[in-house]
Number of protein chains: 2
Amino acid sequence: VSVTAAAGFVASGVHARIRREKKDLAIVRSLPRATGAAMWTQNRVQAAPVLVSKAHLELAQPQAVVINSGVANALTGERGELDALCTAAEAARLLDLDAEEVLVLSTGVIGAPLPLDRVRSGLVDAAAALSVEGGADAADAILTTDTHPKTAVAHGPGFTVGGMAKGSGMIHPDLATMLAVVTTDYPLPEGEAIDFLRPAVDGSFNTISVDGECSTNDAVVLLSSGAAAVERTPANDEAFVLALRRVCKELAAQIVADGEGATLVAEIAVTGAASDSEARAIARRIATSPLVKTALFGRDANWGRILAAAGSAPHNGGYAHVDPSRLSLSWNGTAVLVDGTPQHVEPDVESGRAEIALDLGLGDAAASYLTSDLSYEYVRINAEYRS
Amino acid sequence: VSVTAAAGFVASGVHARIRREKKDLAIVRSLPRATGAAMWTQNRVQAAPVLVSKAHLELAQPQAVVINSGVANALTGERGELDALCTAAEAARLLDLDAEEVLVLSTGVIGAPLPLDRVRSGLVDAAAALSVEGGADAADAILTTDTHPKTAVAHGPGFTVGGMAKGSGMIHPDLATMLAVVTTDYPLPEGEAIDFLRPAVDGSFNTISVDGECSTNDAVVLLSSGAAAVERTPANDEAFVLALRRVCKELAAQIVADGEGATLVAEIAVTGAASDSEARAIARRIATSPLVKTALFGRDANWGRILAAAGSAPHNGGYAHVDPSRLSLSWNGTAVLVDGTPQHVEPDVESGRAEIALDLGLGDAAASYLTSDLSYEYVRINAEYRS
């Protein structure tokens, strides 16, 4: 599993002492000449490694990715950009690449400077440790408040897609403190990787939410080694699309399930919306509502909160269209509201999963979100994060 | 204090057994012929009493307001509207008014039917109890998870403005499960009350947030008895504007301070924005960020979270404009970031109040918000609300 499942990739994860106790520095590298693409946080405040990596992608095809946890290197001014550049340059030197061929990703505390000396010595260790077996160490080294590594693999006819991800707080559409590296040996010509990556991310990482936050550092990187003995054909392209989507969706689902303090995963499925964007706005509003999420934590099928959230979904400067008399809602398969009329039944809510299906009765558009509940533990983790 | 401070008003609050243990039904009435106006939740899902009261306001000047706590009468279908109509009609009968002259407000659980028999017998008691001394009972009867009543009074030359409010969760712009009734003896001709009420609400109730939620039931009502022995003049109008704003701001501040589980009140002041709407969007985004609010609870001046939130403030389908290199932030008076450069100082954070001032360095627009922290207690209250 993980980023070395596809042929042509090596990886490693080491303890560079950026964090006190756990592995905190990973490298993923393609041995054949790779092609690749990435998607980045839409936050207006972007971390130094995001800025540096975006610039590198303009100049060259990515051959390796360096990821550190513990320090986000965000809001660190000019020094932060120099630190990210130095990280890429040092990794390139060790890997015999150009600096522009290295992407750097960081996750952790915002505003603190990257301890560059530790990163440098860690890179020496990490470069020496690169191996096909190193995927698990890499998946471990990128974690922050995650409670376990997130990896996924899918196979197509003659090729493989593998990935790792981190993220458990600040998880939200537009890639919020979430890092993922997905590798494949399926051959992708330069410039085409982004066309495969974008829809896969939109259908996976961009439809999950833990706390509605959007980070300064989020990134999803796709690297193709082209090492599979397979031809590009339309049929194989289609198989690759499916495999890539599956890996992205699995990683996204693992992130929600490991959401900070999460005791439950809820799928919010909105149907019957007047437009796609309204369906997404409503699903997103429900998935991020503190009142909905505390009710989920309390195993309380307080569906009124779902509808109150649905009725206040920001859209085009107002709220998305909802007609209370047309709303139907089912909770874990029990219809609690039909065409605006409460059914006075109590759904079963004790499990660790909630399936909430809201039909707006207005049109054909649909959207769904995965979200977690809001627990005491979420508060504890985030109130004490720096202490 | 409260809604009977201004001349011409009587009020009462009784226990109608809608809730188990506390007063749950209030009436506020003007004895002289009153004029008035109201502002309502912008939620697309509006409770039955909101729909009924809006219709009544189209037909007549409001003379009395009936408010129940415990049941929101929202998402209750046709029966809910009939229940709200019956409540108004019964109150009108007891008070010798037309039904259209009565506004009905409800707050509490969504989706549960109003126990109309109890409301009816409670109205008899409440009508009999109406008195100038009843303002405190009324302020008590409208509370739900609030820990104490919220009242405010301001005096102008020869007139008085008094008000009561409830709200501690679902508190957010666009009036989110927040009810307020403001009364005055300053004379307001029919149709003009709204012109005074709207700016007062925009500058007070619409710039507070406890949890970013927007309820199905929110309302702010202004009633004028005209009983003050004072002439309308431009100078007096101006004094009334100030008194009305003061009462609304005081009630709003009390709501935030009593926010569910709140241990701290934070003022988020955004300056230097490119436009007013962007200033508001950014202040609002910060004020509603779970990561910011948990940091506030942890007394952690984690200013990176402020900036990450600022960079992801929804605006016109994208994010409001922010330039990281121009950002300056002070926390309780300590400059932690100046023109994008961290100052590596730790502000004092132990008090129950946080003053967070973010300058965007882009323009002249400004906005501010009051918000509370996100604590274990918020989670407990909202996970257990129905049980």
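Colleague: How many residue pairs are in polar contact between chain B and chain A?
Modeller: Happy to start there, with the reminder that this is a predicted model. A pair is counted here when both residues have pLDDT 80 or more. Between chain B and chain A, the number of residue pairs in polar contact is 10.

Colleague: What is the count of salt bridges between chain B and chain A?
Modeller: A salt bridge needs a side-chain nitrogen of Lys or Arg within 4 Å of a carboxyl oxygen of Asp or Glu. Between chain B and chain A the count is zero.

Colleague: What area do chain B and chain A bury between them?
Modeller: The size of an interface is often given as the accessible area lost when the parts come together. For chain B and chain A, 58% of the buried area is on carbon and sulfur atoms. The area they bury is about 4,700 Å².

Colleague: Now to chain A: is Q46(A) buried or exposed?
Modeller: Q46(A) sits in the loop between strand 3 (35-40) and helix 1 (48-59) of chain A. Its relative accessible area is 15%, and the cut-off for buried is under 20%. Q46(A) is therefore buried.

Colleague: Which side chain does the side chain of Q46(A) join in a polar contact of 2.8 Å?
Modeller: The side chain of Q46(A) also reaches the backbone oxygen of N43(A), at 3.1 Å. Beyond four places in sequence, the contacts of Q46(A) include T41(A), L51(A) and T216(A). The side chain at 2.8 Å is that of K54(A).

Colleague: What is the phi of N73(B)?
Modeller: Most residues other than glycine have a negative phi. N73(B) is in the loop between strand 4 (64-71) and helix 2 (77-95) of chain B, and is buried, with a relative accessible area of 1%. Although N73(B) is not a glycine, its phi is positive, at about 50°.

Colleague: And is N332(B) buried, partly exposed or exposed?
Modeller: N332(B) also has a positive phi, near 50°. It lies in the loop between strand 14 (328-331) and strand 15 (334-338) of chain B. Because its relative accessible area is 25%, N332(B) is partly exposed.

Notes. Residues are numbered from 1 along each chain as its sequence is written. Chains are lettered from A and ligands numbered from 1 in the order in which they are written. This is a predicted model: local features need pLDDT of at least 70, side-chain atom pairs count only at pLDDT 80 or more; totals for chains, interfaces and linings use all residues. Side-chain values use heavy atoms; hydrogens and water are left out. Buried area is the accessible area (1.4 Å probe) that two parts lose on being put together, summed over both. A polar contact is a pair of N or O atoms within 3.5 Å; within protein, one must be able to donate a hydrogen and the other to accept it, and residues adjacent in sequence count only if both atoms are side-chain atoms. Helices (H or I, at least four residues) and strands (E, at least two) are DSSP runs, numbered from the N terminus. Buried means under 20% relative accessible area, exposed over 50%, partly exposed in between (1.4 Å probe, protein chains only). Contact means heavy atoms within 4.5 Å.
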